[in-house]
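Good morning, everyone. Please look at the structure on the screen, and I will walk you through it.

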Amino acid sequence: MAKGPLKLVRFSDTKMAAAQEQLTDGYVATGAFGIPDLLKAYRKLQSGHANMKVVTSLDDFQASYTSYHAAERYGLNDTDRVDLSLMPADRFDETGEYLGEMNTPEEFPIREANFHRQLVTMSFEEVSARLRTNTELTLWDEYWKDVSTYARKLDGISVFNLAPVRHAYETLIAFPNGYFGPDGPEGDLNPFENHELARHLEERAGLILFGIGSAYLAFTWEGDVTDTMLDTLTSICAIPDDAGFRSKLKADMAKRRYVLVTYHAS
């Protein structure tokens, strides 16, 4: 297991596979750390990159593995339906065939175009119904209480992507996740449904996406925990919305400053 505090290394300064496989610029985090450490690093990086949106992986390498397969399943790296005229000349062979491997910031527009082409606007009610049907517990936090257990889960590695987007929920373009099972009610929320979930949580309640895992999305916020946040979160839960749960959720959010929402099929 990795030891020592969280350490950040720029993608360009390491040959680690976790860095070389990323589509955006960013950082690899190593050490023994938990979500509070990732959140602290996220806030520092976000304040230093105001023209980007920062997002971290929650359970690398698993999250990177599922992100790769999500991109493959939904053709997010395909080049046959996008404009390649702005790609560097050295990415083409003598016949004009594109040779890029979708692992440089210059190629982000390809992923972005493929993502937006498939994105379908969903209402909050549609997203909520999808979650309530598909998940046993929409809000879940027990596993992450033990920092040492979490570090073992991560193998002491996480990545921070610096995505050239305007909104935090659009970081799912850089690090898409959601592909297990069939499309529709029987499987995970797909990357486009996760985008809509994160969009509604931000627009309705000020909950900002900062972490993406292979089964969970992590959100944080500015200021105090509000009734709007609690109303929004409890409305997407497959848990009885009673006063006891709401009170516990409020106390937990106030203490941790983050909340996890699962998109994984139960």
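**A walk through the model**

The protein exposes about 12,300 Å², and carbon and sulfur atoms supply 51% of that area. Accessible areas here come from the Shrake-Rupley method with a 1.4 Å probe, and for residues only the protein chains shown count as cover.

Some ground rules. This is a predicted model, in which local features need pLDDT of at least 70 and side-chain atom pairs count only at pLDDT 80 or more, while totals for chains, interfaces and linings use all residues. Residues are numbered from 1 along each chain as its sequence is written, and side-chain values use heavy atoms, with hydrogens and water left out.

Now, confidence. pLDDT is the predictor's confidence in each residue, from 0 to 100. The mean for the protein is 85. Of its residues, 86% reach 70 or more. Over residues 141–151, though, the pLDDT is below 50. That stretch still has 25 contacts in the model beyond near neighbours in sequence. Contact means heavy atoms within 4.5 Å. Where pLDDT is low, the predicted coordinates should not be read in detail.

Next, the overall layout. The protein has nine helices and seven strands. These are DSSP runs, numbered from the N terminus: helices are H or I with at least four residues, strands are E with at least two. The protein has 266 residues, and 52% of them count as buried. Buried means under 20% relative accessible area, exposed means over 50%, and partly exposed is in between (1.4 Å probe, protein chains only). Take the contacts between residues at least 6 apart in sequence: 75% of them join residues at least 24 apart.

Let's go inside. A nonpolar core is a set of buried Ala, Val, Leu, Ile, Met, Phe, Trp, Tyr and Cys residues joined through side-chain atoms within 4.5 Å. The largest one here holds 39 residues. Which of them touch the most other members? They are Leu197, Leu207, Leu209, Phe219, Leu233, Ile236 and Met253. Helix H7, residues 191–205, gives the most to this core, with four residues. In soluble globular proteins, nonpolar side chains tend to be buried together.

Now find Met229, in helix H8, residues 227–235. Met229 counts as buried, at 4% relative accessibility. Leaving out residues up to four places away in sequence, Met229 touches Ala205, Leu207, Trp221, Asp224 and Met253. Met229 and Leu207 are 22 residues apart along the chain, and their C-alpha atoms are separated by 7.4 Å.

On to helix H4, residues 108–118. Which residues of H4 are buried? Phe108, Ile110, Arg111, Asn114 and Phe115. They sit on the same side of H4, because they cover an arc of only 160 degrees around the axis. The arc is that of the directions from the helix axis to the C-beta atoms. An α-helix has 3.6 residues a turn, so residues three or four places apart point the same way. H3 and H7 are among what covers the buried residues of H4.

Take Phe108 in that helix. Phe108 is buried at 3% relative accessible area. Beyond four places in sequence, Phe108 touches Leu23, Thr24, Pro164, Val165, Ile173 and Ala174. Pro164 is 56 residues away along the chain, yet the two C-alpha atoms are separated by 8.2 Å.

The side chain of Asn77 makes a polar contact of 2.9 Å with the side chain of Arg111. A polar contact is a pair of N or O atoms within 3.5 Å; within protein, one must be able to donate a hydrogen and the other to accept it, and residues adjacent in sequence count only if both atoms are side-chain atoms. Asn77 is also in contact with Met102.

Met102 is found in the loop between H3 and H4 too. Its phi is near 55 degrees, a positive value in a residue other than glycine. Is Met102 buried or exposed? Buried, with a relative accessible area of 7%.

Last stop: Asn161, in strand S4, residues 157–163. Asn161 is buried, with a relative accessible area of 1%. What does its side chain meet? Thr24, through a polar contact of 2.9 Å between side chains. Another polar contact, of 3.1 Å, joins the side chains of Asn161 and Gln22. Among the other residues in contact with Asn161 are Phe11, Lys53 and Phe175.
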